[in-house]
Amino acid sequence: MLRTDLTLSMRLSTDFCTSGLIPRALGILGVTDEATDKTVTMQKTAAPKTSAKPKISSKNVCVFYGEKQALFDVSLDIPEHAVTALIGPSGCGKSTYLRCINRMNDVIDIARVTGKIELDGVDIYDPSIDVVELRARVGMVFQKPNPFPKSIFENVAYGPRIHGLTRDKTDLEELVVTSLKRASLFDEVKDRLDDPGTSLSGGQQQRLCIARAIATQPEVILMDEPASALDPIATARIEELIDELRQNYTILIVTHSMQQAARVSQKTAFFHLGHLVEHGDTDQIFTNPKDQRTQDYITGRFG
Ligand SMILES: Nc1ncnc2c1ncn2[C@@H]1O[C@H](COP(=O)(O)OP(=O)(O)OP(=O)(O)O)[C@@H](O)[C@H]1O
Ligand SMILES: [Mg+2]
């Protein structure tokens, strides 16, 4: 993956210098993945209109781990039913920002969050907020697939059961099947729902984790490098899935892959050293970045 990114970076860099052809280099967006010599032809769709009220609005968000400040005054609006990619060099605060949105930083003793984050206009750090309910509305998929040590069925049924989302067994079974179908996994597992989740391949486990996240019927899905441990074929499937899911969900994805950000997102936010340097339509960020640091990053000069 890294090699692929570097290849793209070098290509972008050359094009930048010679003819400013970043849009063509990204093919907006039939990017050739040279690792597999396979062309991913996902059609890039237009960025959503910005007039709509944001699904998530963050204002002056700062995060401290003990004395150390990891995020500085991050103000970012996330539109509904779109994919927003968070990019930037390692340690710049992408995961920290993502964890603010479902209050996962609450579980880190030394973490302290200031500023404001609203979900549909409601302050999620208000003391009246039920964090368990918030995390059902804002699901998360991690870098490493982490199925529970339970059956495939139970992995997906667990959330709806603890949140009381279904009336009876039939209802629950229906929800599990629907979630597995939406995660494009059902056909591969329909005859082995009682097998352990951990018996699946890495790519299947990640789709199981996505099915598990979907099953609680969230409105927002946070994905922290969801495909970084997967091969190019499994990655392409996850990316197609993300594109389908955005019809119904608001998605934030952290990725180190420029190609992936360009392929799957409509909006991109570039972080550097804990600061949100620039955000906007993905096409604009990759073709006409306003900040030199963004340009340097996407052309592979650092990070
Ligand atoms: N639990 C923690 N305790 C202390 N410091 C932390 C903790 N988690 C993150 N940090 C620090 O906060 C900063 C931002 O980290 P974060 O994990 O958000 O970066 P990132 O952009 O996700 O990096 P990567 O791309 O490597 O995943 C880093 O300096 C990191 O060391
Ligand atoms: Mg991270």
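Two strands are taken to pair if DSSP finds at least two bridges between them; helices (H or I, at least four residues) and strands (E, at least two) are DSSP runs, numbered from the N terminus. On this basis, 4 strands form an open sheet with antiparallel pairing, in the order 4-3-6-7. Its edge strands, strand 4 (68-78) and strand 7 (122-123), each pair on one side only. Within this sheet, strand 3 (residues 56-65) and strand 6 (residues 111-119) run antiparallel and are joined by 8 bridges, and Ser 58 stands opposite Ile 117 in strand 6.

The structure is a predicted model, in which local features need pLDDT of at least 70 and side-chain atom pairs count only at pLDDT 80 or more, while totals for chains, interfaces and linings use all residues. Residues are numbered from 1 along each chain as its sequence is written, and chains are lettered from A and ligands numbered from 1 in the order in which they are written.

A further open sheet comprises 6 strands in the order 8-9-10-5-11-12, with mixed pairing. Strand 8 (138-141) and strand 12 (275-281) stand at its edges; each has a single partner strand, so one side of each is left without a neighbour in the sheet. From one strand to the next the twist averages 15 degrees; angles run from 0 to 180 degrees between N-to-C directions, and axes are lines fitted to C-alpha atoms, for helices over the stretch in contact. Strand 5 (residues 83-87) pairs with strand 10 (residues 250-254) in the parallel sense over 4 bridges, with Thr 84 opposite Leu 252 in strand 10. Strand 11 (residues 267-272) and strand 12 run antiparallel, joined by 6 bridges; Phe 271 has Leu 276 in strand 12 as its bridge partner. These two strands form a hairpin with 2 residues between them, and Leu 273 in the turn has a positive phi of about 50 degrees.

Helix 5 (residues 152-162) packs on helix 6 (residues 169-182) at an angle of about 120 degrees, the axes being 9 Å apart. The contact (C-beta atoms, placed from the backbone, within 7 Å) involves Phe 153, Val 156, Ala 157, Pro 160 and Arg 161 of helix 5, and Leu 172, Leu 175, Val 176, Ser 179 and Leu 180 of helix 6. These residues divide into 8 nonpolar, 1 polar and 1 charged, where Ala, Val, Leu, Ile, Met, Phe, Trp, Tyr, Cys and Pro count as nonpolar, Asp, Glu, Lys and Arg as charged, and the others, Gly among them, as polar.

A residue is buried if 20 or more other C-beta atoms lie within 10 Å of its own, exposed if 12 or fewer, and partly exposed in between, with C-beta atoms placed from the backbone. In helix 5 the buried residues are Ile 152, Asn 155, Val 156, Ala 157, Gly 159 and Pro 160, and they pack against helix 6, helix 7 (186-189) and helix 8 (202-215). Gly 164, which follows helix 5, has a positive phi near 60 degrees. Glu 239, in helix 9 (residues 232-245), counts as buried because it has 22 C-beta neighbours inside 10 Å.

Ligand 1 is surrounded by residues including Tyr 65, Gly 88, Lys 94, Ser 95, Thr 96 and Ile 110, a residue being near a molecule if its C-beta atom, placed from the backbone, lies within 6 Å of it. The shell has 5 nonpolar, 6 polar and 1 charged residues. Helix 3 (residues 94-101) gives the most to this shell, with 3 residues.

Conventions
Contact = placed C-beta atoms within 7 Å.
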